[in-house]
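Let's take a walk through a protein model together. Have the structure open and follow along as we go.

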Amino acid sequence: MFALVDCNNFYAACERLFRPDLEGRPIVVLSNNDGCVIARSNEAKALGVPMGSPFFELDPRLRARLVVFSSNYSLYGDLSRRVMQTLAAGAPRLEVYSIDECFIDLAGVADPVAEGRRLARTVRQWTGIPVSVGIAPTKTLAKLANRLAKQGQGPDGPVLDWSRLPDPAATLGAVAVEELWGIAGRSGQRLRALGIADALALREAEPRWLRQQFGVVLERLGWELRGRACLPLAIVQPPRQQILVSRSFGRGVTTWPELRAALTRFATRAGEKLRAQGRAAPAVTVFIQTDPFDTRQPFYTNAATLPCVTPTQDSRVLIQHATRGAERLFRCGDVYRKAGVILPDLVAAGVGALDLFGDPAEAARSARLMTLLDGVNHRFGRDSLCFASELVGTAWHRRARLTSSVSTTRWDRLPWVRAS
């Protein structure tokens, strides 16, 4: 048995956590540069706010009724960590699937529904974040059960056990095939063209035929809908093969120093992630692009990849490669709105050929310097130490005019409670 624990309207719940005055009010959270709606409270959904819609396109009368926040990823990330730690304390075997959901192994649990209630109650009490729990013999069915629990279709409040549904087949028949976990738009179109329009029809399809037509992934999905688990709990996450750090700029960037500042930040962040995962980068890819929606100038995008002499974890090397690559791509007169750094084909740290003409002591000095850099920034806050080229210009900084002032990761932004 699996349980999928999913935080309800997670970003909106995080914003409401320290603002009890927002209880019952419609909340939306916007993407980078306050562009699109990426999270909605139930009240905002009831008003008809579409997910992913550009905020400026919403009706002004509707916007006036909403409480709007810029995305505050440091707050969301820290509260996610607290939720997952709370769940891990009560259910040691779990797989963190995303920032707001995880799978839990319920094998051997006598009463899964009671256990789900206990987990939901504990998370709400310890973190303040409401969650829903879907229970089923497979991960795919647990995802469906969780969605039904969020819709209030179960008799057990925020917990729904798939085996307790009065008519599971009717439930599957009401689920469009595109709404299933792991089915992309094109696969859904192909399935519909072959007469498979809902989850029930996919369950009844011959597994061997599904494999012939779509491959092993869809065959497994068919088995999962039949109640046969094909997707085990991934307790140990596989090592990442790639790291991407990219942002859209708050304003257009026209000068090389400002573009270099942005790429310095992105390469620095990529290096931090690289070292935290114990990986090393054999190459650096950098890309830049103008605004694809600006009809006043031709759209321009380009990328360059520079190999490293040896796989590296050193942010200085990553910055050098990213800026050298971008220098080849930069064109005076263009207005850039996005850039990014990609570290492809990652390997384990310490793996790879050595530099025949390199200084053997340099690798040790590099490791000590990066350890010092990460240690200072971890202890005193991100960017306490940074590279000088990052400090030139601010046009590339993301626009976030509506960010909440509360933070659980900064002492100066912790909320104060005063007794009357």
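This is a predicted model: local features need pLDDT of at least 70, side-chain atom pairs count only at pLDDT 80 or more; totals for chains, interfaces and linings use all residues.

We begin with helix H1, which is largely enclosed by the rest of the structure because 7 of its 8 residues are buried.

- Find helix H1 at residues 10-17; its buried residues are Phe10, Tyr11, Ala12, Ala13, Cys14, Glu15 and Arg16.
- What covers those buried residues? The cover includes strands S1 (2-7), S2 (27-30), S3 (37-40) and S4 (67-70), along with helices H2 (42-46) and H4 (73-90).
- Three of these strands make an open sheet in the order S3-S2-S4, with mixed pairing. S3 and S4 are the edge strands, each pairing on one side only.
- Ignoring direction, neighbouring strands in this sheet are turned by 25° against each other on average.
- S2 and S4 run in the parallel sense and pair over 4 bridges; for valine 29, the bridge partner in S4 is phenylalanine 69.
- H1 packs on this sheet and touches S2, S3 and S4, with its direction at about 110° to that of S2.

**Strand S6 and its partners**

- Strand S6 (residues 101-105) has 4 of its 5 residues buried, so the rest of the structure largely encloses this strand.
- S1 pairs with S6 in the antiparallel sense over 5 bridges, and phenylalanine 2 stands opposite aspartate 105 in S6.
- S5 (residues 94-98) also pairs with S6 in the antiparallel sense, over 4 bridges. Here glutamate 95 stands opposite phenylalanine 103.
- S5 and S6 form a hairpin, with 2 residues between them.

- Side chains of opposite charge can pair when their charged atoms come close.
- Aspartate 105 forms a salt bridge with arginine 93, their closest N and O atoms being 2.8 Å apart. Aspartate 105 sits in strand S6, and arginine 93 is 12 residues away in the loop between H4 and S5.
- Both partners are partly exposed: aspartate 105 has 23% relative accessibility, and arginine 93 has a relative accessible area of 43%.
- Arginine 265 meets aspartate 383 in a salt bridge at 3.5 Å, N to O. Arginine 265 is in helix H12 (residues 256-276), while aspartate 383 is 118 residues away in the segment after helix H14.
- Arginine 265 also has a salt bridge to glutamate 390, at 2.5 Å, N to O. Shared partners join Arg265, Arg269, Glu272, Asp383 and Glu390 into one network.
- Is glutamate 390 buried or exposed? Glutamate 390 counts as buried, at 5% relative accessibility.

**A buried charge without a salt bridge**

- Now look at glutamate 224 in helix H11 (residues 216-225).
- Glutamate 224 is buried but has no salt bridge; the nearest side chain of opposite charge is lysine 139, 7.6 Å away.
- A polar atom of its side chain does lie 3.0 Å from the backbone nitrogen of threonine 140.

**Isoleucine 342**

- Isoleucine 342 is in strand S12 (residues 336-343). With a relative accessible area of 18%, isoleucine 342 is buried because the cut-off is under 20%.
- Isoleucine 342 and isoleucine 243 are 99 residues apart in sequence, but their C-alpha atoms are 5.7 Å apart in space.
- Leaving out residues up to four places away in sequence, isoleucine 342 touches several others, including Gln242, Ala283 and Phe287.

Definitions and conventions:
Residues are numbered from 1 along each chain as its sequence is written. Side-chain values use heavy atoms; hydrogens and water are left out. Buried means under 20% relative accessible area, exposed over 50%, partly exposed in between (1.4 Å probe, protein chains only). Lys and Arg count as positive and Asp and Glu as negative; His and the chain ends are not counted. A salt bridge is a side-chain nitrogen of Lys or Arg within 4 Å of a carboxyl oxygen of Asp or Glu. A polar contact is a pair of N or O atoms within 3.5 Å; within protein, one must be able to donate a hydrogen and the other to accept it, and residues adjacent in sequence count only if both atoms are side-chain atoms. Contact means heavy atoms within 4.5 Å. Two strands pair if DSSP finds at least two bridges between them. Axes are lines fitted to C-alpha atoms, for helices over the stretch in contact, and angles run from 0 to 180 degrees between N-to-C directions.
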